[in-house]
Amino acid sequence: MRIIAPTVLILLSLLSCTTLEVVKLDFAPPVNPLTLVHISDLHIRGNDPRFSEAARLINSSSPDMVVITGDLFSEAGRLDNLGWFLDQLVGIPHKAAILGNHEYWSGESLRQTREVFESRGWNFLVNETVDWDIKGRKIRVFGADDYLSGRWSLKDVDPQTVDLFLIHEPELFNRIILQYPNLKHKLFLAGHTHGGQITFFGLPLYLPRGSANYQLGVYSLNENTLFVSKGMGESAPPFRLFSNPDMGIIQF
Ligand SMILES: [Fe+2]
């Protein structure tokens, strides 16, 4: 038994799904379509070549904006690795990131985490909005504080004026729609679920608290749209089974 358990773990990590899937979505109006790249759940643990490959893919799609929906790392001491990845994203005019539950759990300084982004020209949104003027279109982005471990709030913004909601846990989509039933035609981007991370041919063994009834992909509620990314990295255990990492390239 003492040999079997580690052997099974090693075998599972060898089978780990590492191929980055690109999910292409189109929610663009007929005029002035914009390209938005959505990544999530980096859980960055080092200067992993997979992230360089992802950065190359992102840069080559020439996006107008890139957003990260939380879980940047799982433990303290990874800000240098995070900066290393962000420095590889070049020529992207509009960039925003939010917190997930793991930043709170990591014990890392949230002030220094914010500095890593802001010193590189990113908007770091914790219950904050940013207005982007892109190719003649005005886009208002709201980034929520973490639903499970932070204090999410929409009190400083009229949600009707928001075009794009960045949330970490998909359950917050339900909460916001319940609280603002007149909200229509909004796009919400989330992560958190890792698509199940360990699945039996796609059927998740477990979905974390805050996933609600969502696993991956596109959902609709009250004429609003939610895209749930499977994320790029892994939390414990450090491998994926039948759940590839992904990123969204969204016409918006
Ligand atoms: Fe995560």
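The model shown here is predicted.

**Two loop residues with positive phi**

Lys135 sits in the loop between strand S6 (128-134) and strand S7 (137-143). Its phi is near 50 degrees, a positive value in a residue other than glycine.

Phe201 also has a positive phi, about 50 degrees, and is not a glycine. Look for Phe201 in the loop between strand S10 (199-200) and strand S11 (203-204). Is Phe201 buried or exposed? Phe201 counts as exposed, because it has 6 C-beta neighbours inside 10 Å.

| Residue | Phi | C-beta neighbours inside 10 Å |
|---|---|---|
| Phe201 | about 50 degrees | 6 neighbours |

**A cis peptide bond**

Which form does the peptide bond from Ala236 to Pro237 take? The bond is cis, and its omega is near -5 degrees. Pro237 lies in the loop between strand S13 (224-228) and strand S14 (246-251).

**The whole chain**

The chain holds six helices and 14 strands. Its radius of gyration is 18 Å, close to the 18 Å that the globule rule gives for 252 residues, so the chain is as compact as a globular protein of that length. The C-alpha trace spans about 60 × 35 × 35 Å along its principal axes.

Of the 252 residues, 41% are buried. Take the contacts between residues at least 6 apart in sequence: 73% of them join residues at least 24 apart.

Conventions: Residues numbered from 1 in each chain as written. Predicted model: local features only at pLDDT ≥ 70, side-chain atom pairs only at ≥ 80, totals over all residues. Helix = DSSP H or I, 4+ residues; strand = E, 2+ residues; numbered from the N terminus. Rg over C-alpha atoms; globule rule 2.2 N^0.38 Å. Buried ≥ 20, exposed ≤ 12 C-beta atoms within 10 Å, placed from the backbone. Contact = placed C-beta atoms within 7 Å.
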